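Good morning, colleagues. Please look at the model on the screen while I go through its helix packing and a few individual residues.

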Amino acid sequence: MSTAPTPLTTDDVPDEILRSIHVAASAETVFDVISEPGWFINDGEYREHRITREGPTAIVVDPVHGGFQIGTVELDPPRRAVFRWLSGVAGALEDGPATTIEFTIEPEGEGVRLTVRETGFAGISTDAERRARYEDNLGGWIEELDVARVQAEARAGAPADPRAGASDGPRAGGPTGPRPARA
């Protein structure tokens with residue numbers, strides 16, 4: 001009987017990541033945060049980016065991680081923002097398969113529920129690269145949604161709740177958004 005591990009394949013990596021968080025701010029305030037291309041490129045703390053727009057594509061330059069192209073697919077204020085990017089890899093959109101990031105904002109109690117859905121991992125060519133991007137973003141979206149929550153609540157003047165955190169799904173609990181891919 002063999003105890004050698006079975007190699008991981010494309011079938012082992014889901015095509016979608018789904019995370020959400022409650023934000024004690026209006027839909028308009030949250031939309032102002034999440035409609036900025038590349039706001040989620042950071043290390044768990046919001047920082048300003050240099051953004052240059054070329055039609056529906058933005059060149060986002062992060063002072064730590066470098067330049068990224070982010071394609072704006074749809075902006076539907078204050079409910080929805082959809083972008084395309086190379087799933088954490090710096091470079092031009094045409095340099096590789098892109099994933100789609102959809103942010104939705106729905107009323108919930110004294111604020112809103114912000115949900116992110118990133119799809120398209122199946123289009124990433126190699127199993128190792130697909131797995132690395134998926135796993136980085138799986139944990140990373142929790143962190144980035146918390147960045148959006150902190151930004152929106154600060155802009156709204158709401159007191160910060162250090163216990164708040166993003167969830168593994170639309171209504172579940174859990175802790176850390178995508179991180180730019182490691183070089």
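Helix H1 passes helix H2 in a right-handed crossing; a crossing is called right-handed if the near helix is turned clockwise from the far one by less than a right angle, and left-handed if anticlockwise. Helices (H or I, at least four residues) and strands (E, at least two) are DSSP runs, numbered from the N terminus.

Before I continue, the conventions. This is a predicted model, in which local features need pLDDT of at least 70 and side-chain atom pairs count only at pLDDT 80 or more, while totals for chains, interfaces and linings use all residues. Residues are numbered from 1 along each chain as its sequence is written, and side-chain values use heavy atoms, with hydrogens and water left out.

How is a pair of packed helices described? Two packed helices are described by the angle between their axes and the distance between the axes. Here the axes of H1 (residues 27-34) and H2 come within 9 Å and cross at roughly 130°. Axes are lines fitted to C-alpha atoms, for helices over the stretch in contact, and angles run from 0 to 180 degrees between N-to-C directions. H1 and H2 are therefore oblique to each other; angles under 35 degrees count as roughly parallel, over 145 as roughly antiparallel, 65 to 115 as roughly perpendicular and the rest as oblique.

On the H1 side, Thr29, Val30, Asp32, Val33 and Ile34 meet Ala148, Gln151, Ala152, Arg155 and Ala156 of H2, where contact means heavy atoms within 4.5 Å. The residues of this contact divide into 6 nonpolar, 2 polar and 2 charged. In that grouping Ala, Val, Leu, Ile, Met, Phe, Trp, Tyr, Cys and Pro count as nonpolar, Asp, Glu, Lys and Arg as charged, and the others, Gly among them, as polar.

Why is H1 described as largely enclosed by the rest of the structure? The reason is that 6 of its 8 residues are buried, namely Ala27, Thr29, Val30, Phe31, Val33 and Ile34. Buried means under 20% relative accessible area, exposed over 50%, partly exposed in between (1.4 Å probe, protein chains only). The cover over these buried residues includes strands S1 (16-23), S4 (66-76) and S5 (80-85), together with S6, S7 and H2.

Of its 183 residues, 44% count as buried.

I turn now to single residues. Thr99 lies in strand S6 (residues 99-108) and counts as buried, at 0% relative accessibility. Its side chain is joined to that of Glu118 by a polar contact of 2.6 Å. A polar contact is a pair of N or O atoms within 3.5 Å; within protein, one must be able to donate a hydrogen and the other to accept it, and residues adjacent in sequence count only if both atoms are side-chain atoms. Not counting residues up to four places away in sequence, Thr99 touches several others, including Trp85, Ser87 and Phe121.

Ser87 itself sits in the loop between S5 and S6. Its phi is positive, about 55°, although Ser87 is not a glycine, and the residue is buried, with a relative accessible area of 1%.

In the loop between S4 and S5 lies Pro78. The peptide bond from Pro77 to Pro78 is cis, with omega near -10°.

Finally, is Ser125 buried or exposed? At 57% relative accessibility, Ser125 counts as exposed, in the loop between strand S7 (111-119) and helix H2 (127-156).
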